[in-house]
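Biologist: Let's go through this one together. I'll keep asking how you know things, and you show me the cut-offs.

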Amino acid sequence: MAIIAAPHNRSSISPGFLAWMGLIALLVVIGLVAAIQVFVHGLTLTNMYDSVPWGLWITIDLSSIALGAGAFTLSAIVYLFGLKRFQSVVRLAIFVGFIGYTCALLTLVMDIGRPDRFWHPWVYWNVHSVLWEITWCITIYLTIMIMEFLPVITEHKFFNRWPWIREVARVLHKGAPLFALLGLGISLLHQSSLGATYGIVKSRPIWFKPSMPIMFILSAVAVGPALTMTVALVIEWITARRHIAYDVLQTIARFSGFGLLIYGYIKFWDLAAVTYYGRMPNVEQALYTLNQQTPYNFAFWVGEILVGIVLPVILFLIPRFNRNPALLALGGFLAASGVVINRWNVTVSGLFVPLSYSPGTQYVLPPGTYFPNIVEWGIALGIIGYALGMLTLGVKYLPLFNKQEHG
Amino acid sequence: MSKKKTKVKVNLTRRDVLTVAGAAFGSALVGQFVTTGPLSPFSTLKQGQLEDVPETGHGAATGEYHWGMLINLDTCIGCEYCLRACSAINDVSTDKPWNIVVEEKTSTGSTFYFSRPCLHCQNAPCVEVCPVGATYHREDGLVIMNYDRCIGCRYCQVACPYDARKFNWEARSDENPYVPTFGTPEVDRRPRGVVEKCTFCVHRIDAALKSGRIPGEDPEANPACVNICPVGARTFGNLKDPNSNISRLLAANPAIRLREELGAEPSVYYIPPKEGL
């Protein structure tokens, strides 16, 4: 890569960059070692068990797809709603989205018991399954993102030798509005279906409610663009080069702030609805168990509400704060953490609530306990390494911030 | 590049739109042809495996039979023979039996024994959620796993309200302590990475029907747990036949199903203890 990159005078390799890549390589190696262990010995190496069969990895899937939502949101804003001001950030948004979705796929392959059968959902259909629909949507949307991103890749000097590839990409790029439309539809479908994955499960009291898909999609639409904004700011500091006008990023932050307000409103509505309208005995029992035995309430109020909604809204919407890029980046980081905490809290707490089906009075399964072990964290580190590595290479070798438009 | 805030105009001519639409349509056609046409690497698989799996969803028992089970909680003595015979015949790991037996209390505090196979729901949550249709309703009301298709996502396990599903977290090498005392395995062990559950001993049902015997009437055709029960607490049979043993018992006794409010419509009924639950 270094040889190809040499003609770019901006891509000189500094010791700092080498150290950074070394760290990334370390993370990826940790991930690979863990992955090989899991492939050889099976999922028995993880702390998941029959009562809590989903854990950290599902949280990573859900979070990285939600955080990749900046791609479809900003594409739609530019190509469908015609707000061309945001054109400069679309490439980065799609790139971040692509990284998020590939992270989810990599983690999914680790998480399923038979990785050799990863292709089954494409061949054996069960159209009633939300998980089937999600698999299809993710595949299709990944293809759309690749189509959208192809022109950026072909701008690299490497493709000087094959002008026809660039030509194909240029023609493809004319379909950007079409891709944005498809991407919007597909994303709205699967981002909400991720919530429905939980929302339709009748047997789990704290999941089974119609607000699940709405809360998932609102949080994704609000926080996805904020993450893209944060990534743009961090890239700006590291490369010491302003690529995207600050007012564009500031507007994205305001958009996210208002999005988070709506999300927060729906969350409180949901809380009130569950408390006062839908308080069936099993829901009451489930919440009681969770409050007594797990930090569910703490994670909800501090993690999801305070860190994930209140603080970012303050940083994004109050002019005194959103003039400061550092505070915007902090807000984006907090909002993204809030989404991760939310997905974790939903997944794990829902499974902690013991099933009760006996006609008698005594027998209930014991409440679940789960904390990821070193193998699961190893995969998580590997995924983070992959994401950071892709981002670094993209920033260094791809024209992510080229404002020039084709066509 | 030169001007700041360039007004970007996407020039879309009719020709461009047609080109893109044509390309999209063409690739869809090609994709369809490659995945389902005669060239498809999956074509043989699909002929063999995809077509004989019926449409999943509500109202599963559409055939002549609807296999069900009746468990009499009043007569059950909690000996766990059903658990052991099941584990021997189906070669189930001892730490995650398909068929559980637990001691229970009624609301007045007297003891009874509660046991639970897979309930073979007619509106099974596990069937609905499986992304690959690896678990499906059969025409005779059974909910069966296709171990060759399961990808091990464990969504069925999350969705089952009755905790009837177990995942193979590792390749098994354990000795089965119930073999041969309680029987010898009649089916293969399941491989690592797939979900498994009680099948109502489907291999016996299918074999029996082929040779003209009726499950529920002929002991050889019954699930292992039914045959071994020393007090006859379990009755198996065709719920669609009003003259079967199970139908006559159901007509003569009060019976309940577990968590009816979920609407899963289990095929397993329970006669409560005489003094009530």
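Biologist: What makes the length of helix α16 (residues 374-397) of chain A agree with expectation?

Modeller: A helix here is a DSSP run of H or I with at least four residues, numbered from the N terminus, and a strand is a run of E with at least two. The expected span is 1.5 Å times one less than the number of residues. With 24 residues, α16(A) should span 34 Å, and its end C-alpha atoms are 34 Å apart, so the two agree. Bear in mind that this is a predicted model, where local features need pLDDT of at least 70, side-chain atom pairs count only at pLDDT 80 or more, and totals for chains, interfaces and linings use all residues. Residues are numbered from 1 along each chain as its sequence is written, while chains are lettered from A and ligands numbered from 1 in the order in which they are written.

Biologist: Which residues of α16(A) are buried, and what do they pack against?

Modeller: Buried means that 20 or more other C-beta atoms lie within 10 Å of the residue's own (12 or fewer is exposed, in between is partly exposed; C-beta atoms are placed from the backbone). Val375(A), Ile379(A), Ile383(A) and Tyr386(A) are among the buried ones. The buried residues of α16(A) pack against α2 (15-41), α3 (56-67) and α5 (87-111) of chain A.

Biologist: How much confidence does chain A get?

Modeller: pLDDT is the predictor's confidence in each residue, from 0 to 100. Chain A has a mean of 91, with 96% of its residues at 70 or more. Over residues 1-9 of chain A, though, pLDDT is below 50. Where pLDDT is low, the predicted coordinates should not be read in detail.

Biologist: Over in chain B, what makes you call β1(B) mostly covered?

Modeller: Six of its six residues are buried. Trp67(B), Met69(B) and Ile71(B) cover one side, and Gly68(B), Leu70(B) and Asn72(B) the other.

Biologist: Why is the sheet with β1(B) called mixed?

Modeller: Two strands pair if DSSP finds at least two bridges between them. β1(B) and β8(B) have five bridges and are antiparallel, whereas β1 (residues 67-72) and β9(B) have four and are parallel. That gives an open sheet of three strands, β8-β1-β9 of chain B, with mixed pairing. Trp67(B) stands opposite Asn238(B) in β8(B), and Ile71(B) opposite Tyr270(B) in β9(B).

Biologist: What makes β8(B) and β9(B) edge strands?

Modeller: Each pairs on one side only.

Biologist: How do you know that β2(B) and β3(B) pair?

Modeller: Six bridges join them, and they run antiparallel.

Definitions and conventions: Two residues are in contact if their C-beta atoms, placed from the backbone, lie within 7 Å.
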